[in-house]
Amino acid sequence: MDVQMPEMDGLQATAAIRKGELESGNHMPIIAMTAHAMSGDKERCLEAGMDGYVSKPLRVDNLFSTIEEVLRTLAESKTLVSLPK
């Protein structure tokens, strides 16, 4: 999820997705992708309901390890992961 998007930023989009999940019971993994790499930015994204965080410039190995970590954490917590069709 890009944190800086026009009209609705990634934090607002995450809040909307999480609100919808309350009704559906599903959980969509969300990883922040942002050039915001200052102290506290990662924490702000995680507090907003994102499951992971990667900063730009993007390093592919970091992205893949973050995806693996998020999916492993969700599997261990038995959180349902449902992708839209």
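Residues are numbered from 1 along each chain as its sequence is written. Because the model is predicted, local features need pLDDT of at least 70 and side-chain atom pairs count only at pLDDT 80 or more, while totals for chains, interfaces and linings use all residues, and side-chain values use heavy atoms, without hydrogens and water.

Select residues 31–34 and 52–55. These are strands β1 and β2, paired in the parallel sense over four bridges (strands are DSSP runs of E, at least two residues, and helices runs of H or I, at least four, numbered from the N terminus; pairing needs at least two DSSP bridges). Ile-31 stands opposite Gly-52 in β2.

Next, select α3 (60–76), which gives the most to the lining of the largest pocket, with seven residues. α2 and β2 each supply at least two. Lining residues include Lys-42, Tyr-53 and Glu-69. By class, the lining has four nonpolar, five polar and three charged residues.

Move to Pro-57, in the loop between β2 and α3. A cis peptide bond joins Lys-56 to Pro-57, with omega about 0°.

Last, select Glu-7, in the segment before α1 (10–24). Glu-7 is not a glycine, yet has a positive phi of about 70°. Most residues other than glycine have a negative phi, and most peptide bonds are trans. Glu-7 is exposed, with a relative accessible area of 88% (exposed means over 50%, with a 1.4 Å probe and protein chains only).

Conventions: 1 Å grid on protein atoms, 1.4 Å probe; cavity = no way out; pocket = protein on both sides within 12 Å on 5 of 7 lines; lining within 4 Å. Nonpolar A, V, L, I, M, F, W, Y, C, P; charged D, E, K, R; others polar. Buried < 20%, exposed > 50% of the residue type's maximum accessible area, 1.4 Å probe, protein only.
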